[in-house]
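Open the model in your viewer and show it as a cartoon. The tour below says what to select at each stop and what is there.

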Amino acid sequence: MIRRAKAEWTGAVLVCGKCSKKVGGGFGPKGKTSLTKALRKLIGGKGRKAPLGVIETRCLKLCPKSAVTLVDTARPGEWLVVSPGDPVEEIAARLGRAAPQA
Ligand code: FES
């Protein structure tokens, strides 16, 4: 029997962990935060309670130079290649997640 667990996720994003390592994090105010961490912080929530799952993966075999590969599972046919320093808010908006209003 397959058991089930409820989650708040409305989608999931895959972020290449190897790309993130290669660019030395690349995001956040100091440019040292990984895209996974920066996105999770912006989107809020933890684990199953987050509105969007942000999953760090192994190499996705695209391996862009000085950039991070990202797959929005809602649009698996179009991968995103994000450069370090690109505003995380803009990336979240592209994923259909507006930054929470302050
Ligand atoms: S290192 Fe990220 S896709 Fe290969």
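Two strands pair if DSSP finds at least two bridges between them. Strands (E, at least two residues) and helices (H or I, at least four) are DSSP runs, numbered from the N terminus. The model is predicted: local features need pLDDT of at least 70 and side-chain atom pairs count only at pLDDT 80 or more, while totals for chains, interfaces and linings use all residues. Residues are numbered from 1 along each chain as its sequence is written, and side-chain values use heavy atoms, with hydrogens and water left out.

**The sheet.** Select the four strands, which form an open sheet of mixed pairing in the order β2-β1-β3-β4. β2 (53-57) and β4 (80-82) are the edge strands; each has a single partner, so one side of each lacks a neighbour in the sheet. From one strand to the next the twist averages 25°.

**Strand β3.** Next select residues 68-72, which make up β3; three bridges join β3 to β4, and the two run antiparallel. Within these, L70 has L80 of β4 as its bridge partner, and V68 stands opposite V82 in β4. Towards β1, β3 is again antiparallel and joined by three bridges, with V15 opposite L70.

Now show the side chains of β3. In a regular strand the side chains alternate between the two faces of the sheet. Here V68, L70 and D72 point one way, T69 and V71 the other. Five of the five residues of β3 are buried, so the strand is largely enclosed by the rest of the structure. Buried means under 20% relative accessible area, exposed over 50%, and partly exposed in between (1.4 Å probe, protein chains only).

Select S34, in the loop between α1 (17-22) and α2 (35-43). S34 counts as buried because its relative accessibility is 17%. Leaving aside neighbours within four places in sequence, S34 is in contact (heavy atoms within 4.5 Å) with S20, G25, F27 and E56.

**The largest pocket.** Finish with F27, G28, P29, A38 and V88, which lie nearest the centre of the largest pocket among its 14 lining residues. A pocket is an open set of points on a 1 Å grid over the protein atoms alone, where a 1.4 Å probe fits, with protein on both sides within 12 Å along at least five of seven lines; lining residues have an atom within 4 Å of a point. α2 gives the most to this lining, with four residues.

Technical notes. Axes fitted to C-alpha atoms, helices over the stretch in contact; angles between N-to-C directions.
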